[in-house]
Amino acid sequence: MIEAVTQIIVEEGAAAVTHQRVAERSGVGRATVYRHWPTTEEILLSVFELFQIPAIETESGTLQQRLTTLLHWMVTQFSRPDVRAFIMAITERAQRDPEIRRVQQERMEGFQQRIIQVMKDAAIPIQQPTELITARLIGPIWFLVLVQGKTPGDDFLEQLVADFIAHAHQAIA
(Lines give C-alpha, C1' and ligand atoms only; values in the text may rest on other atoms or scores of the structure.)
Protein backbone atom coordinates (compact mmCIF):
# COMPACT_ATOMS: atom_id res chain seq x y z
CA MET A 1 0.00 0.00 0.00
CA ILE A 2 2.90 2.35 0.69
CA GLU A 3 4.05 2.00 -2.91
CA ALA A 4 0.52 2.85 -4.06
CA VAL A 5 0.50 6.01 -1.94
CA THR A 6 3.89 7.03 -3.31
CA GLN A 7 2.73 6.50 -6.89
CA ILE A 8 -0.40 8.57 -6.33
CA ILE A 9 1.62 11.43 -4.83
CA VAL A 10 4.13 11.40 -7.70
CA GLU A 11 1.51 11.18 -10.42
CA GLU A 12 -1.32 13.28 -9.02
CA GLY A 13 -0.19 15.05 -5.84
CA ALA A 14 -1.12 14.63 -2.20
CA ALA A 15 -4.65 15.91 -2.71
CA ALA A 16 -5.39 12.76 -4.72
CA VAL A 17 -4.47 10.48 -1.80
CA THR A 18 -7.71 9.05 -0.48
CA HIS A 19 -8.58 5.73 1.09
CA GLN A 20 -10.46 4.80 -2.08
CA ARG A 21 -7.55 5.68 -4.40
CA VAL A 22 -5.04 3.78 -2.23
CA ALA A 23 -7.33 0.75 -2.16
CA GLU A 24 -7.81 0.83 -5.94
CA ARG A 25 -4.12 1.31 -6.67
CA SER A 26 -2.93 -1.37 -4.24
CA GLY A 27 -5.64 -3.92 -5.02
CA VAL A 28 -7.04 -4.20 -1.49
CA GLY A 29 -10.37 -3.32 0.02
CA ARG A 30 -11.03 0.16 1.31
CA ALA A 31 -11.67 -1.29 4.78
CA THR A 32 -8.12 -2.63 4.82
CA VAL A 33 -6.74 0.83 4.12
CA TYR A 34 -8.93 2.33 6.88
CA ARG A 35 -7.72 -0.32 9.35
CA HIS A 36 -4.12 0.69 8.70
CA TRP A 37 -4.75 4.43 8.50
CA PRO A 38 -7.99 5.94 9.83
CA THR A 39 -7.21 9.34 8.24
CA THR A 40 -5.53 10.61 5.10
CA GLU A 41 -3.00 12.46 7.24
CA GLU A 42 -1.99 9.14 8.83
CA ILE A 43 -1.44 7.70 5.36
CA LEU A 44 0.89 10.58 4.49
CA LEU A 45 2.66 10.38 7.85
CA SER A 46 3.35 6.68 7.38
CA VAL A 47 5.03 7.32 4.05
CA PHE A 48 6.86 10.36 5.42
CA GLU A 49 8.26 8.30 8.30
CA LEU A 50 9.92 6.02 5.73
CA PHE A 51 11.96 8.94 4.40
CA GLN A 52 14.82 8.80 6.88
CA ILE A 53 18.06 10.68 6.51
CA PRO A 54 20.67 7.94 6.34
CA ALA A 55 24.06 8.02 7.94
CA ILE A 56 26.04 10.14 5.51
CA GLU A 57 29.81 9.83 5.79
CA THR A 58 30.98 13.26 6.91
CA GLU A 59 33.54 12.22 9.49
CA SER A 60 36.61 12.99 7.41
CA GLY A 61 37.74 15.70 5.04
CA THR A 62 37.78 19.45 5.15
CA LEU A 63 34.79 21.51 6.22
CA GLN A 64 34.18 22.27 2.53
CA GLN A 65 34.21 18.57 1.61
CA ARG A 66 32.01 17.52 4.50
CA LEU A 67 29.34 20.16 3.89
CA THR A 68 29.43 19.52 0.15
CA THR A 69 28.86 15.81 0.83
CA LEU A 70 25.76 16.60 2.89
CA LEU A 71 24.39 18.94 0.25
CA HIS A 72 25.17 16.52 -2.58
CA TRP A 73 23.11 13.87 -0.79
CA MET A 74 20.26 16.38 -0.45
CA VAL A 75 20.38 17.28 -4.16
CA THR A 76 20.35 13.59 -5.07
CA GLN A 77 17.29 13.01 -2.90
CA PHE A 78 15.42 16.17 -3.97
CA SER A 79 16.05 15.28 -7.61
CA ARG A 80 14.18 11.98 -7.32
CA PRO A 81 10.60 12.51 -8.62
CA ASP A 82 9.04 10.55 -5.75
CA VAL A 83 10.97 12.43 -3.07
CA ARG A 84 10.38 15.80 -4.74
CA ALA A 85 6.64 15.16 -4.99
CA PHE A 86 6.47 13.96 -1.45
CA ILE A 87 8.42 16.93 -0.05
CA MET A 88 6.07 19.29 -1.83
CA ALA A 89 3.03 17.40 -0.52
CA ILE A 90 4.27 17.29 3.05
CA THR A 91 5.28 20.95 2.98
CA GLU A 92 1.78 21.90 1.88
CA ARG A 93 0.06 19.62 4.42
CA ALA A 94 2.30 20.80 7.26
CA GLN A 95 0.71 24.23 6.95
CA ARG A 96 -2.61 22.76 8.13
CA ASP A 97 -1.74 19.67 10.16
CA PRO A 98 0.22 20.04 13.41
CA GLU A 99 1.30 16.37 13.49
CA ILE A 100 2.71 16.49 9.96
CA ARG A 101 4.41 19.79 10.82
CA ARG A 102 5.94 18.17 13.92
CA VAL A 103 7.37 15.25 11.93
CA GLN A 104 8.63 17.60 9.21
CA GLN A 105 10.38 19.74 11.84
CA GLU A 106 11.95 16.65 13.43
CA ARG A 107 13.40 15.61 10.07
CA MET A 108 14.77 19.08 9.44
CA GLU A 109 16.21 19.31 12.96
CA GLY A 110 18.09 16.06 12.35
CA PHE A 111 19.65 17.50 9.20
CA GLN A 112 20.38 20.80 10.96
CA GLN A 113 22.20 18.95 13.71
CA ARG A 114 24.42 17.24 11.13
CA ILE A 115 25.37 20.60 9.68
CA ILE A 116 26.03 22.05 13.13
CA GLN A 117 28.13 19.03 14.13
CA VAL A 118 30.27 19.36 11.01
CA MET A 119 30.81 23.04 11.84
CA LYS A 120 31.67 22.31 15.46
CA ASP A 121 34.12 19.60 14.38
CA ALA A 122 35.84 22.23 12.24
CA ALA A 123 35.96 24.63 15.22
CA ILE A 124 33.55 27.09 13.56
CA PRO A 125 31.66 28.85 16.36
CA ILE A 126 27.89 28.76 16.00
CA GLN A 127 26.94 32.42 16.29
CA GLN A 128 23.63 32.39 14.46
CA PRO A 129 20.36 30.48 14.89
CA THR A 130 20.51 27.01 13.33
CA GLU A 131 17.51 27.91 11.17
CA LEU A 132 19.49 30.70 9.52
CA ILE A 133 22.54 28.50 9.05
CA THR A 134 20.40 25.79 7.48
CA ALA A 135 18.50 28.26 5.29
CA ARG A 136 21.77 29.61 3.87
CA LEU A 137 22.82 26.14 2.77
CA ILE A 138 19.55 24.46 1.91
CA GLY A 139 17.52 27.43 0.66
CA PRO A 140 19.29 27.77 -2.69
CA ILE A 141 19.04 24.02 -3.28
CA TRP A 142 15.36 24.00 -2.35
CA PHE A 143 14.73 26.86 -4.76
CA LEU A 144 16.63 25.36 -7.70
CA VAL A 145 15.40 21.79 -7.37
CA LEU A 146 11.88 22.13 -5.98
CA VAL A 147 10.82 25.46 -7.45
CA GLN A 148 12.74 25.69 -10.72
CA GLY A 149 13.09 21.96 -11.42
CA LYS A 150 16.85 22.25 -11.99
CA THR A 151 19.60 20.05 -10.58
CA PRO A 152 22.55 22.02 -9.23
CA GLY A 153 25.91 20.61 -10.27
CA ASP A 154 29.04 20.06 -8.24
CA ASP A 155 30.38 23.51 -9.12
CA PHE A 156 27.24 25.14 -7.73
CA LEU A 157 27.43 23.13 -4.49
CA GLU A 158 31.11 23.85 -4.02
CA GLN A 159 30.54 27.59 -4.55
CA LEU A 160 27.54 27.57 -2.21
CA VAL A 161 29.60 25.94 0.53
CA ALA A 162 32.61 28.20 -0.12
CA ASP A 163 30.39 31.29 0.20
CA PHE A 164 28.83 29.86 3.36
CA ILE A 165 32.24 29.19 4.93
CA ALA A 166 33.51 32.66 3.96
CA HIS A 167 30.44 34.20 5.61
CA ALA A 168 30.99 32.08 8.74
CA HIS A 169 34.62 33.23 8.95
CA GLN A 170 33.58 36.88 8.50
CA ALA A 171 31.12 36.51 11.38
CA ILE A 172 33.97 35.28 13.59
CA ALA A 173 36.29 38.17 12.72
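Helices here are DSSP runs of H or I with at least four residues, numbered from the N terminus. The views below show a predicted model, in which local features need pLDDT of at least 70 and side-chain atom pairs count only at pLDDT 80 or more, while totals for chains, interfaces and linings use all residues. Residues are numbered from 1 along each chain as its sequence is written, and side-chain values use heavy atoms, with hydrogens and water left out.

View 1. An α-helix has 3.6 residues a turn, so residues three or four places apart point the same way. The two side chains meet in a salt bridge at 3.6 Å, N to O; the term means a side-chain nitrogen of Lys or Arg within 4 Å of a carboxyl oxygen of Asp or Glu. Glutamate 24 counts as partly exposed at 49% relative accessibility, and arginine 21 is also partly exposed, at 23%. For these labels, buried means under 20% relative accessible area, exposed over 50%, and partly exposed in between (1.4 Å probe, protein chains only).

View 2. Glutamate 11 pairs with arginine 25, and their closest N and O atoms are 2.8 Å apart. This pair links distant parts of the chain, with glutamate 11 in helix α1 (residues 2–12) and arginine 25 in helix α2 (residues 19–26), 14 residues apart. Glutamate 11 is exposed at 52% relative accessibility, whereas arginine 25 is partly exposed at 28%. Take a step back and you will find Glu11, Glu12, Arg21, Glu24 and Arg25 linked in a network of salt bridges.

**View 3. The salt bridge of glutamate 92 and arginine 96.** Here the side chains of glutamate 92 and arginine 96 come to 2.6 Å, N to O. Glutamate 92 is partly exposed, at 38% relative accessibility, while arginine 96 is exposed, at 54%. The salt-bridge count comes to 10.

View 4. Aspartate 97 caps the N-terminal end, with a side-chain oxygen 2.9 Å from the backbone nitrogen of glutamate 99. Buried residues of α7 include Ile100, Val103, Arg107 and Met119. Just after the helix, alanine 123 has a positive phi of about 60 degrees.

**View 5. Two aromatic pairs.** A search of the whole structure gives two aromatic pairs; rings of Phe, Tyr and Trp (its six-membered ring) pair if their centres lie within 6.5 Å, and planes under 30 degrees apart count as stacked, over 60 as edge-to-face and the rest as tilted. Tryptophan 73 and phenylalanine 111 are stacked, at 6.1 Å centre to centre with 25 degrees between the planes. Tryptophan 73 belongs to helix α5 (residues 63–78) and phenylalanine 111 to helix α7, 38 residues apart, and both are buried. Phenylalanine 78 and tryptophan 142 have ring centres 5.7 Å apart and planes at 80 degrees, so this pair is edge-to-face. Phenylalanine 78 lies in helix α5 and tryptophan 142 in helix α8 (residues 130–147), so the pair ties together parts 64 residues apart in sequence. Phenylalanine 78 is buried at 7% relative accessible area, but tryptophan 142 is partly exposed at 27%.

Methods: Helix = DSSP H or I, 4+ residues; strand = E, 2+ residues; numbered from the N terminus. Polar contact = N/O pair within 3.5 Å; in protein donor to acceptor, adjacent residues only side chain to side chain.
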